[in-house]
Amino acid sequence: GEEGRGERDGGEERDGGEEGERDGGERGEAALAVPELLLKLLWTLCWLLPVYMAGTLGLSPAVLVMGVALWLGWRLRRRDKTCRLHRALYLLDNEELVTRNQTQHSLPAWISFPDLERAEWLNKVLLQAWPFVGQFLEKLLLNSIAPAVRESNNHLQTFSFTKVSFGVKPLKIHGVKTHTDSNKNQVTIDLHISYIGDCEINVEVKKYFCKAGVNGIQLHGMLRVILEPLIGDMPLVGAVTLFFIQRPVLEINWTGLTNLLDIPGLSSKTDTMLMDTIASFLVLPNRITCPLMSDLRAAELRSPLPRGIVRIFLVEAVSLESKDTYVKGIIKGRSDPYAIVRVGTQTFMSKTISESINPKWNEMYEVMVHEVPGQLLEIEIFDKDPDQDDFLGRMKLDLGEVMKGRILDEWFTLKDVERGKVHLRLEWLSLRSEAATLEQALLVNSSISTKDNEEPSAAVMVVYVDQAQDLPLKHGTREPNALVQVSLLDKTFETRAIYNTVAPVWEDAFTFFVQNPQQQDLDIQVKDDDRQQGLGSLTLPLARLLTCPDLTLEQWCQLENAGQSSRIFLKIVMRILTRDGVDVSNLPRSRKSTLERLSSA
């Protein structure tokens, strides 16, 4: 009987304990529900606040509607970006499964892609090393980039990175192609890369209570890596050069204040500005060079002579779509077409032809080609409108086809539209180092006429600005912050400033088109970074280069309007542009021979 009473007492105690736990759980849930209720109330008040402010300030309801529309557009773009990022991450992690599902059957083992080789071993190395790559990049941002940003502007003295994380998703290489037949002194590698990262980088400017950041990046493109020159000593390679032949695809998920960049209308402009900034460093003809030897001239690797020049004649287009309408779209009009011509970062815009679906431009452009095959000619045609220009079609052509054919005069069908063709004449110009070929180039150019009467180029020239010595002091007492401005006609380039030294080393290079070397002068100005005080100048007639061996001048040059020992070291390389297979006897001989003028002078 005592055991039975003990069991009953124990059962009552357990029941009481369970009731206490239930009461405690209910109280805990009630305690958690209070903050959630307050958050919902606060969120509701935030929604009502714009309505209240609009009524208080007497604003039109249209302002409120516009604000709601912008918010909805921003939210849709954010949701779309997030979905695309998640889809890309899923594809990256399940590439084989997705491919098999799309093909609806198992791929046979004998299928291969001979142009591209898979490099799974390299992806495994990147996966293992990615945390350490993230540590290196974090130190780079915190210890190098952040101090440089703070020193660049007084308003950014409180700038800092509040969070830096490159996540766990590494860069992935989908394919590798190695070129070894073009130049025996180098190895060229094409890496088809994708970075779909879960990185998170937040910045803050405490002075202005400003926070911004990035949470997720997508980058897809083909990165070319050039190992040159190959040498007989360790590390066997003199330098590594990196660049994108074509613009990569970039997408960024913004956070903080930069969320505003996802507002419809503003997002496309910011994406374009970002791509232009990236292109200015990494898309041809721009490149990043990492020297592995101390005595290597990095400027000549960063800015080599082009493989050739392509002269583009944008002649006309026919049967373009009619985008302009009248009477609320009932009557179709014509279009006001213009074309954008692009090769890498070299971009040109044609004139706008009003009220025409068969425009005739007859314009000429010249572009430098460094990598063929690979570099593309891209032409997009738009209808000019006051608000947003309408798309009329595009075409793309690998410039390697122009190098093979030397001259292409064809009609190209426009893509992504129902109709339309564009007429182009493309000429490949070779680079020659013989001064005697200048006469042929000038004769050919004299026979070319365009609507804007722009004179074609007879030569291309690369100016390597290496270093200077014994520059004068700034205001007689302080060491200058020297930079160099290099000008030819109306085109001017500028080096970066080297601070607090009379012997600056720039190692920079600039490329110019030259219409007539016999009549043009190269102007070089060495200035302090305030652009007010001159530290020396030099005027160099380009005709002097025509008498130099291999059309190359490499020497110290005495600076004028400077100290007696102030000088600058330059290397200037000129190449004459010639078109193969030209019968000079059939061209109009409207110029006196350049070589005759040289001999008479």
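Strand β5 (residues 237–244) is mostly covered, with six of its eight residues buried, where buried means under 20% relative accessible area, exposed over 50% and partly exposed in between (1.4 Å probe, protein chains only). Strands, like helices, are DSSP runs numbered from the N terminus (strands E, at least two residues; helices H or I, at least four). The model is a predicted one, in which local features need pLDDT of at least 70 and side-chain atom pairs count only at pLDDT 80 or more, while totals for chains, interfaces and linings use all residues. Residues are numbered from 1 along each chain as its sequence is written, and side-chain values use heavy atoms, without hydrogens and water.

Two strands are said to pair if DSSP finds at least two bridges between them. Strand β4 (residues 210–230) runs antiparallel to β5 and is joined to β5 by seven bridges, with Ile226 opposite Thr241. Six residues lie between the strands of this hairpin, and Leu236 takes a positive phi near 75° there. Strand β7 (residues 288–291) also pairs with β5, in the antiparallel sense over four bridges; here Ala239 faces Pro291 of β7.

Another group of four strands forms an open antiparallel sheet, in the order β12-β11-β14-β15. Because β12 (346–349) and β15 (390–398) are at the edges with a single partner strand each, one side of each has no neighbour in the sheet. Within this sheet, β14 (residues 376–383) pairs with β15 over eight antiparallel bridges, and Leu376 stands opposite Asp398 in β15.

Elsewhere, helix α1 spans residues 2–57 and contains Leu45, which counts as partly exposed because its relative accessibility is 48%.
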